[in-house]
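Work through the exercises below with the sequence and the 3D view open. Try each task before you read its solution.

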Amino acid sequence: MRELRARGEEGHSSVVAATRRAALRHRLLPALVASLAAMTLTVSCTNSSAPHGRSSAGASVPAASASASASAATGENCDRLRSLKPPAHMPAAGGRMPSGTAMEKIVARGRLIVGVDQNTYLFGYRDSDTGELDGLDIDLVREISRALFGRPDRVQFKTVPSAQRVEILERGQVDLVAHSMTITCERMERVLFSSDYLDSGQRVLVTDTSPVRNLADLAGQKVCTAQGTTSLAELRRARPAVRPVTVSDWTDCLLLLQQGDVAAVSTTDNVLAGLSAQDPATRITGPRFTYEPHGIAVAKKTPELVRFINGVLAQLRASGRLRALHERWLGPYGDFYPPAPRYRD
């Protein structure tokens, strides 16, 4: 595995960016066609409630009981923006980990095992020039590896579809999941989340020639999203109703849009930014109609690993490194800056 890319890649000119986007789109399409050929689409409509308005990032409700097991309550007592506090003193990078902890077991094993995406450009995707995984989530994983081992390349990546992110944690197949994952109260019943490292909201991606300006304009039309995501739940709540089309990966949605099989793609605008970057003949439109904080997920039985990850994120915030990673990957595509962390005991 390689070290992080040279920072010289940051701040490339718009001409170079456009060239890269066009080239990436060209490289992705053959793989997407093959993927689509083997894929079964699900089209569904429901009569559930109207979509939520966008929440305030600063809004909160009473925190769940701060127990050592870090179990998260739901309903009125769920505060999805509060994660477990980092340890008072972080172990030295590459040093001895606290006895009996998940970190000690990971270091003894010799590698960190992580569930990631390989189809979300800018976050977790496979670079066809190098064959390596890259993106913001991948870089964050490498920083966690650096904190554990003193080097960023002691990682075994397992690529998983969005719908299986929670399941592989519950089965113990990975140590953590870094997969552009929205923190929700429902998911907090099954896994633990790090502090919020990215805020976004659901919007709509259409072709440049489309007359669509917002989700309401898509009433009765096919809108693509991924299985097992909060985006699908929001589409099913939409009024007027749209017709959700579900696929395994976001790049499959882009292909369906390019082929005219769906009228739009809808998910968080950070993911849409990556899709639009792959195809400059598309545009993101309409206001955000959800609020989506993102976290790194771990199994509920390892709260000490969440604290350790939060310590890594706190160090990255303090050094400016987390902001630099946001700028590197998302700077040209919107105001995606790391939010301030909020903790509970």
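**Exercise 1.** Which backbone nitrogen lies 3.0 Å from a polar atom of the side chain of Asp 117?

*Solution.* Start with the background. This is a predicted model: local features need pLDDT of at least 70, side-chain atom pairs count only at pLDDT 80 or more, and totals for chains, interfaces and linings use all residues. Residues are numbered from 1 along each chain as its sequence is written, and side-chain values use heavy atoms, with hydrogens and water left out.

Step 1. Find Asp 117 in the loop between β3 (112–116) and β4 (119–120). Strands here are DSSP runs of E, at least two residues; helices are runs of H or I, at least four residues; both are numbered from the N terminus.

Step 2. Look for the nitrogen. It belongs to the backbone of Asn 119.

**Exercise 2.** Is Asp 117 buried or exposed, and which side chain of opposite charge is nearest?

*Solution.* Step 1. Apply the cut-offs: buried means under 20% relative accessible area, exposed over 50%, partly exposed in between (1.4 Å probe, protein chains only). Asp 117 is buried.

Step 1. Check the charges. Lys and Arg count as positive, Asp and Glu as negative; His and the chain ends are not counted. The nearest opposite charge is on Arg 165, 7.3 Å away.

Step 2. Asp 117 has none.

**Exercise 3.** Which residues of helix α2 (residues 102–109) are buried?

*Solution.* Step 1. List them: Ala 102, Met 103 and Ile 106.

Step 1. Recall the rule. An α-helix has 3.6 residues a turn, so residues three or four places apart point the same way.

Step 2. Turn to the other side of α2. Lys 105 and Ala 108 are exposed there.

Step 3. Find the partners. The buried residues pack against β3, α3 (136–149) and α9 (303–319). Contact means heavy atoms within 4.5 Å.

**Exercise 4.** Where is Leu 122 found?

*Solution.* Step 1. Locate Leu 122 in the loop between β4 and β5 (124–126).

Step 1. Read its phi. The angle is near 85 degrees, a positive value in a residue other than glycine.

Step 2. Check its surroundings. Leu 122 is buried, with a relative accessible area of 2%.

Key
Salt bridge = Lys/Arg side-chain N within 4 Å of Asp/Glu carboxyl O. Polar contact = N/O pair within 3.5 Å; in protein donor to acceptor, adjacent residues only side chain to side chain.
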